[in-house]
Amino acid sequence: MNVPFFRVDASGNELRYVREVLESGWLTSGGRVLDFEAAFAEATGAKHAIAVNSCTAALHLACEAAGIGPGSEVLVPSVTFTATAEVVEYLGGLVRIADVDPTTGLLTPDIVEAALDAHPGIDCIIPVHLTGAACRLRGTPGSPGIIDVCEKRGVKVIEDAAHAFPALHVDGTPVGGAVGSVACCFSFYANKTITTGEGGMVTTDDDEIASRIRRMRLHGIDRSAWDRHTRVGAAWEYDVVAPGYKYNLTDVAAAIGLAQLERSEESRDARRRIATRYHERLGHLNELTLPALEQRPDSHAWHLFVIHLHPESGLDRNDFANELAASGIGTSVHYKPLHLMSVWRKLARIPEGGCPHSDTWFAGCLSLPLFPSMTPAEIETVADTVERTCSRQPAG
Ligand SMILES: Cc1ncc(COP(=O)(O)O)c(C=O)c1O
C-alpha cells in the first residue's frame, strides 16, 4: 500500500460553498472573506483577523505595519521556511539568525535573551510555532517567556503561526489571540492544517496595526472594492494613501476556508490520534526520537510529525527516506536550516559558532505522513515500514 505524505480533505461543505460563490457573480474579496475573517477571529479570540493570499504576505504586512525597514534588525530561528526571513529583506531590514532548542526546534526565552544581550540593535523577533507547537511566549514570574523578555527591552514580536492552527499557548489561550505580539500570521497553503489552496491570515488586537494591514493588503486604497460596490454613494471614489500590495484573498478561496474551518477541531483531533498511534507503534525504537505528546490534547496543531534518527544509530536520514519512498511512503524534511542556504549566508548575520543545534535537527529529521483522512491501514503501513527500515538499514 502506498501512503502519500499528504492528501487534502475537502469532504465537508467546500464544493457547496465554492459553487455558491461562483453562482453569486462576485469572485474576488467580498462577503465570504468578511465571513471567513469573522469566523477566524472567533476561533482564535483575536480582535481583528485580516485575510490575505499567503502567510508570506501576512508576515510581510505585519513587519511593514510594525515599522520594519532599513536599519531594523530582526531575529529569526534557523529552523524555519525561508519566508520567515525573506519578508525582512523585502523591507530593507537585516536578518539575524538564531539557533534553536535541539529537541523542539523552537526559539526559547533563553535563546532570545542571549541574542538580545549580544545584539542590542535587534528591534523585532519572529518566533515560529514549528510543527504546530507554540513557542513559550508568556512565562511565569520566575521564568519569563519570549514576549516578557522582549517587552522589557522594547523589542517587538511577530508570530509565525504557519503551522499552528488550531493550537494553544501554555496558559490554554489560542495561538492568534491576544498574547502581546504585534500580530500572528497563519498559512492556508495546500498541505497546511486548514487550506484555501493558497492563503493566509493575520490576527492582531491592535486597531492601528489592523487598519494599516487592511489598507496595505490592497494597494494602500482607503476603501475596498466590496465596500465601494455595496454602499450607497460613488463607487469610483477612493483615495490611495500608501504604495500598498496586492495581497487580498478571493471569495472563492474564503469559501473553501470557511468549510475547512468548520472541521478544524475535528481534523486536529484526528491528527492527534495519529500522533498517539505513532507513539504506540514506534515508541520502542531505540534508533528514533519521537516528538513529545503534549499534556493537553488540544494544545498542539500536529501539522507535522517530525521523527529524529539518532546519530549513534548509524542510520542516514536520506537513505532512510529513500527506503521509505521505495516502499511507497511519502516523507519530507522540515527544514534545511536557513544558515545553510546560500542567500542567507550572504545576506543574514549568522552566530559566530554557527547553529549546531539546527545542524543536528536537520541531520536527523524526517516528517512522516500525518493528515486527518489517513485510514487505520495507512497508519499501520507507515509504522510497519518505519520499523522494518530501522532494522534493515546497516549500522555505521
Ligand atoms: C514556518 C513557515 N512560515 C511561513 C510560510 C509561508 O507560508 P505561505 O506558503 O502561506 O506563504 C511557511 C510555508 O510553508 C512556513 O512553513
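Biologist: At what angle do helix H2 and helix H9 pack, and how far apart are their axes?

Modeller: H2 and H9 (residues 251-262) pack at an angle of about 35 degrees, and their axes are 8 Å apart. This is a predicted model: local features need pLDDT of at least 70, side-chain atom pairs need pLDDT 80 or more, and totals for chains, interfaces and linings use all residues. Residue numbers start from 1 along each chain, as its sequence is written.

Biologist: What makes a stretch a helix or a strand here?

Modeller: Both are DSSP runs, numbered from the N terminus: helices are H or I with at least four residues, strands are E with at least two. H9 covers residues 251-262, so H9 passes the helix cut-off.

Biologist: How do you know the angle?

Modeller: Axes are lines fitted to C-alpha atoms, for helices over the stretch in contact, and angles run from 0 to 180 degrees between N-to-C directions.

Biologist: Is the crossing of H2 and H9 left-handed or right-handed, and what makes it so?

Modeller: The crossing of H2 and H9 is left-handed. That label means the near helix is turned anticlockwise from the far one by less than a right angle; clockwise would be right-handed.

Biologist: Which residues make the contact of H2 and H9?

Modeller: Among them are Phe36, Ala39 and Phe40 of H2, and Ala254, Leu258 and Leu261 of H9. Residues are in contact if their C-beta atoms, placed from the backbone, lie within 7 Å. By class, this contact has nine nonpolar, two polar and three charged residues. Ala, Val, Leu, Ile, Met, Phe, Trp, Tyr, Cys and Pro count as nonpolar, Asp, Glu, Lys and Arg as charged, and the others, Gly among them, as polar.

Biologist: Why is H3 called oblique to H4?

Modeller: H3 (residues 55-65) and H4 (residues 83-90) pack at about 45 degrees, with axes 9 Å apart. That angle makes H3 oblique to H4. Under 35 degrees is roughly parallel, over 145 roughly antiparallel, 65 to 115 roughly perpendicular, and the rest oblique. The crossing of H3 and H4 is right-handed.

Biologist: Which residues of H3 and H4 meet?

Modeller: Cys55, Thr56, Leu59, His60 and Cys63 in H3 meet Ala83, Thr84, Val87, Val88 and Tyr90 in H4. Seven are nonpolar, three polar and none charged.

Biologist: How many residues surround the ligand, and what makes a residue count as near?

Modeller: The shell has 14 residues, with Ser54, Cys55, Thr56, Ala162 and Ser187 the closest. A residue counts as near if its C-beta atom, placed from the backbone, lies within 6 Å. H3 and H4 are the elements that give two or more residues to the shell. By class, the shell has six nonpolar, seven polar and one charged.

Biologist: What makes S9 and S10 a pair?

Modeller: Four bridges join strand S9 (residues 305-309) to S10. Pairing takes at least two DSSP bridges, so S9 and S10 pair. They run antiparallel, and Val306 stands opposite Ser367 in S10. The open sheet has three strands, in the order S8-S9-S10. S8 (288-289) and S10 (365-368) each have a single partner strand, so they stand at the edges.

Biologist: What is the order of the sheet of seven strands?

Modeller: That open sheet runs S1-S7-S6-S5-S4-S2-S3, with mixed pairing. S1 (48-52) and S3 (94-98) stand at the edges, so one side of each has no neighbour in the sheet. The twist averages 25 degrees from one strand to the next.

Biologist: How many bridges join S5 to S6?

Modeller: Three bridges join S5 (residues 156-160) to S6 (residues 183-187), and the two run parallel. Ile158 stands opposite Ala183 in S6.

Methods: Contact = placed C-beta atoms within 7 Å.
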